[in-house]
Amino acid sequence: LCITYTKAAAAEMQRRLFERLGGWCVADNATLAAELEKLGASGADLGRARALFAQALETPGGLKIQTIHAFCERLLARFPLEAHVPPGFDIADEARSAALLGDARAKAALSDGGQRDAFRRFAKRLYSDHLEGLLDRLAMRRAEFHRFAQKHQGELFAAQKLRERHGVTQNAEDYTREFLARWRCNELRDAANALCEGSANDCKAGERLRVVLDCIERNDSDAAMLACFAFALTDGKLRTNFVTKGTQATHSWLEPRVRAFAEAAAEARDTLNAIERAEDAIAALALALKLDEAYAEAKTRSGVLDFDDLIEHAQALLQHSEAAPWVLYKLDGGLDHILIDEGQDTSPSQWDLITPLQNEFFAGLGARDRERTVFSVGDPKQSIYAFQGADPERFLAEAQNLSTRVHTAEKKFAAPELRTSFRSSPEILRAVDETMKGKPLVAGLGAHDEIVHLAARANEPGVVEVWPLTPKPVIADAEPWDAPMDMERESSAHVVLAKRIAKHVKAMIEAREAVWDKGALRPVRAGDVLALVRKRGAMFRELIKAFKREKLPVAGADRMVLRDELAVQDCLALMQVALDPADDLSLACVLKGPWCNLTSDDEDIFPLAYERGAERLIDRLFASTETKYRHAQAFVRELTDRRGADPFAFLSWALETQHDGRSGWLGIFSRLGPETRDPLEELLQRALKLPHHVAPTLQRFLYDIELDAQQIKRELEAETGAIRVMTVHGAKGLEAPLVILP
């Protein structure tokens, strides 16, 4: 069993393994013996080495090289009843999970009881985007809320625990009522009257105190507390003086009484803030628990499991279920070697899942005499997935735990340090080592001054080039009053830097600067460039635009929202016109789009649209006798004739059929570039795999696509001859001769 971190890594490992074994299968004796000697297996049986390829091909179910989620899916499918999951369950991908979670969010917000009050509590104070963001975060952490409630025997006791954590025991209403009841109004009125007899400042203080008394008499407790705070505090801090010296000399009792009230009010402000925070936490708990419950019900109705469920159910099956010993016995019969790749990115819950599989390896004499092994590889310095639960400290703890178990079982244990890099040149490694020198890379381990990386490619020198900071150009603002606030102007630092980078890369390609490739130098190409950003923000978008402006091939974004892609919008406009030819805006988009190509500075569209009054654009189009509109007229007629087709047939016709001498694919590529293939192929996949409960109509397909705001991941692992712009997280494991970090 080999556990890897991503599907791409599993596929790459399997490809390399078959490539290696296939080479052994056909190698001559001398070559094969040399290969085996490199692996430290000198004198090995050459015939057995050649037979490994056939064994790997004929292994039932294929080689077990998979992600942790794929392993869990396979495990649960094998033992569904023992794991209490529906037999024949489906896996909810990100899009389906998001749809189910959206329904669960609506149910949580609209449910009766405490959840509705909790939702109203946040809805009163947050704008729509912030409220959406809060619900998103609650949805992401719902499992943690669920575990917290379980730990404290239910929601009621969990809520009490949250109050204790904030040091409060009452709700805001009860506390306010008790606080106001503590102060006798007659004493406060005497103090207010005494203050009003003093100086101007004393009179102001007296008036503020009278406002408090008026609110108490009106039974307006909220206003009374606000008046108390206004009397006692200034800029959030307790006032220094409450009574002037002259008034204090006349009324010696006044200062202590007023100060005691003010200090109590300041303490009450802190307590009410703590109560407010506690109630917020309790409301978040109620919403998250309802969200978790509604989402679980939605998954049960659909017979699906999401990725978190796979880990959770598999862990329960192997550790907590009555069938765990039997399941482990069945699994143990087919496992002799466990390999864990990218161990530093494995979360604690995933380690807990893997641990029971290893137990029998160290149980002494087993049913088989074969040597059984556990192999884990990872580098704590490369752990960058903390937001997904990765814990490098747990990886190091697992290494120590494994060492203890191995020595107890009197077996061999080795933990070599892998300091040799097979990717980077010595200059890059030296720059990294100097940058990280003296910095604690993993919490609790202290500084790693002694770590020095070694380059396997010592004879292939590289270069680290550091550019000066790009400041924002000082240019007078001259934008319309209604310009969007987040618009990237030509004067922004992102735009300036992106243009510089694009021009620099183009100059390198034109100058045929050299890069290393398999031990030899060759001219740099566009596909050699990998630009990495921290997030898909302004720098990400501007880099893609800048490369395109320099006429350099770009692979496009590695994440996309389908409905936001221009090529997809063109296809959706075709469907809009097919369903409703009177939709003038959609028809204008089709006429200007890649199929009709009426694009010459609006000179073709303007005569059709201008001064038409109540006349529809389609009537103007069909009434025209000009030659340039003939193809558009024929295309729109055929478009409306196909309104009854299913979405896949409609899109296939639009993209594959020849229109005015070329296919829709060629028209889109010539207009928008070859990177549009990915979103269009995803659109075709959506049209081909419609949910069973959905009518295969254009109307329903349009509705679903326009409603879907989920990001789609594009695989940019393979070099396509185009520049790749990705995030650091998205590019982990990839390599390129030229890497840019703007």
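Residues are numbered from 1 along each chain as its sequence is written. Because the model is predicted, local features need pLDDT of at least 70 and side-chain atom pairs count only at pLDDT 80 or more, while totals for chains, interfaces and linings use all residues, and side-chain values use heavy atoms, with hydrogens and water left out.

S7 and S8 belong to an open sheet of 4 strands, which is ordered S2-S1-S7-S8 and has parallel pairing. Strand S2 (65-67) and S8 stand at the edges with a single partner strand each, so one side of each has no neighbour in the sheet. From one strand to the next, the twist averages 20°.

Angles run from 0 to 180 degrees between N-to-C directions, and axes are lines fitted to C-alpha atoms, for helices over the stretch in contact. Helix H19 (residues 348-358) lies across S7 and S8, running at about 160° to S7. Strand S7 (residues 337-340) itself has a covered face, made of Ile338 and Ile340, and an uncovered face, made of His337 and Leu339.

## A buried residue, Ile311

Ile311 lies in helix H17 (residues 307-319) and is buried, with a relative accessible area of 8%. Buried means under 20% relative accessible area, exposed means over 50%, and partly exposed is in between, using a 1.4 Å probe and protein chains only. When its neighbours within four places in sequence are left aside, Ile311 is in contact with Ile68, His69, Cys72, Ser349, Gln350 and Leu353. Although Ile311 and Asp352 are 41 residues apart in sequence, their C-alpha atoms are 9.8 Å apart in space.

## Two pairs of packed helices

Two packed helices are described by the angle between their axes and the distance between the axes. Helix H2 (residues 29-38) and helix H3 (residues 46-58) pack at an angle of about 85° with their axes 10 Å apart, and H2 and H3 are therefore roughly perpendicular to each other. Angles under 35 degrees count as roughly parallel, those over 145 as roughly antiparallel, those from 65 to 115 as roughly perpendicular, and the rest as oblique. The contact of H2 with H3 is made by Asn29, Leu32, Ala33 and Leu36 of H2 together with Leu46, Ala49 and Arg50 of H3.

The axes of helix H11 (residues 172-182) and helix H16 (residues 254-302) come within 10 Å and cross at roughly 170°, and H11 and H16 are therefore roughly antiparallel to each other. On H11 the contact involves Ala172, Tyr175, Thr176 and Phe179, while on H16 the residues include Ala264, Ala268 and Ile275.

## A second sheet

Another open sheet has 3 strands in the order S18-S13-S19, with parallel pairing. Strand S18 (724-727) and strand S19 (738-740) stand at its edges, each with a single partner strand, so one side of each is left without a neighbour in the sheet. The twist here averages 25° from one strand to the next. Strand S13 (residues 529-533) is joined to S19 by 3 bridges, and Val529 stands opposite Leu738 in S19. Helix H23 (residues 538-549) packs on this sheet, touching S13 and S18, and its direction makes about 175° with that of S18.

## The largest nonpolar core

A nonpolar core is a set of buried Ala, Val, Leu, Ile, Met, Phe, Trp, Tyr and Cys residues joined through side-chain atoms within 4.5 Å. The largest such core has 45 residues, of which Leu591 and Leu639 touch the most other members. Its largest share, 9 residues, comes from H24.

Technical notes
Helix = DSSP H or I, 4+ residues; strand = E, 2+ residues; numbered from the N terminus. Contact = heavy atoms within 4.5 Å. Pairing = 2+ DSSP bridges.
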